Amino acid sequence: MKRVLHVNTLNASSLLPISAVIVPTLLLSLYVLPQSAELGLIEAEAGRVGSAVERLESAVETGRNLPTSVAALAEARAELGDPVGSLALLLDLAEERPRDPRLLAEIARHYKGLAQAADEAATIERIQAITPSTDNLRRLLELATEIGDDAKRHLVLSELIEGGSVVVDDYVELAGLMATEGDLTGAALVLADVPDGLSRVDR
């Protein structure tokens with residue numbers, strides 16, 4: 001499947017090795033991969049990335065698109081400075097494994113490196129639906145601010161506060177949004193709910 005991706009710039013070294021989260025150990029892979037993929041992993045392990053890409057592409061193009069070989073090819077392409085090609089492979093793999101949070105996190109990191117904030121946010125929302133965390137919400141808040149999506153900021157701040165946020169700036173920011181929306185009563189209630197003893201701290 002061919003994909004067209006909008007790209008700015010990316011330092012490929014900023015991406016975590018995909019093998020660390022998707023690809024099993026080389027020894028185990030040798031028992032389950034077809035020959036071309038097996039040899040591709042051996043080439044990659046030896047640092048011969050260009051040759052690894054050729055062998056792994058052959059494995060994938062002939063229908064042997066096992067998750068291990070696809071993920072290994074994605075990593076090899078990223079190492080060769082082709083993050084768009086790497087991301088396209090991961091997106092194809094995610095169609096088969098739509099609820100794999102580690103794979104989705106890798107996709108989100110690619111989007112971050114490519115400065116595609118809206119796509120990163122959409123991916124993190126998928127992760128949050130599977131494995132909720134405050135870290136996910138914090139990143140969603142950063143992205144909503146970057147994109148200028150006040151409705152999303154309102155929603156995420158509300159979730160953080162309902163989850164017991166101990167960051168007073170969350171309350172102040174939500175109250176400010178509500179005041180801007182014309183809900184002065186709601187803004188006052190949010191500020192009144194700030195737990196005692198909280199001080200302004202960095203998120």
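**Salt bridges across an all-helix pattern**

In this predicted model, the side chains of Glu 120 and Arg 139 meet in a salt bridge, with an N to O distance of 2.8 Å. A salt bridge here is a side-chain nitrogen of Lys or Arg within 4 Å of a carboxyl oxygen of Asp or Glu. Glu 120 lies in helix H7 (residues 117–130) and Arg 139 in helix H8 (residues 134–147), so the pair ties together parts that are 19 residues apart in sequence. Helices (H or I, at least four residues) and strands (E, at least two) are DSSP runs, numbered from the N terminus. Glu 120 is buried, at 5% relative accessibility. Arg 139 also counts as buried, at 19%. Buried means under 20% relative accessible area, exposed means over 50%, and partly exposed lies in between (1.4 Å probe, protein chains only).

Arg 139 has a further partner. Glu 142 forms a salt bridge with Arg 139, and the closest N and O atoms are 2.7 Å apart. Both residues lie in helix H8, three residues apart, or about one turn of the helix. Glu 142 is partly exposed, with a relative accessible area of 46%.

Another salt bridge joins Glu 173 to Arg 153, the closest N and O atoms being 2.9 Å apart. This pair links distant parts of the chain: Glu 173 is in helix H10 and Arg 153 in helix H9 (residues 150–162), 20 residues apart. Glu 173 is buried, with a relative accessible area of 15%. Arg 153 is buried, with a relative accessible area of 15%. Salt bridges that share partners join Glu 120, Arg 139 and Glu 142 into one network. The whole structure holds eight salt bridges.

Helix H10 (residues 168–180) also contains Asp 169. Asp 169 is buried, at 19% relative accessible area.

The protein has 11 helices and zero strands. Of its 203 residues, 42% count as buried. Among contacts (heavy atoms within 4.5 Å) with a separation of 6 or more, 50% come from residues 24 or more positions apart. The accessible surface comes to about 11000 Å², and carbon and sulfur atoms hold 53% of that area. Accessible areas come from the Shrake-Rupley method with a 1.4 Å probe; for residues, only the protein chains shown count as cover.

Residues are numbered from 1 along each chain as its sequence is written, and side-chain values use heavy atoms, with hydrogens and water left out. Local features need pLDDT of at least 70 and side-chain atom pairs count only at pLDDT 80 or more, whereas totals for chains, interfaces and linings use all residues.
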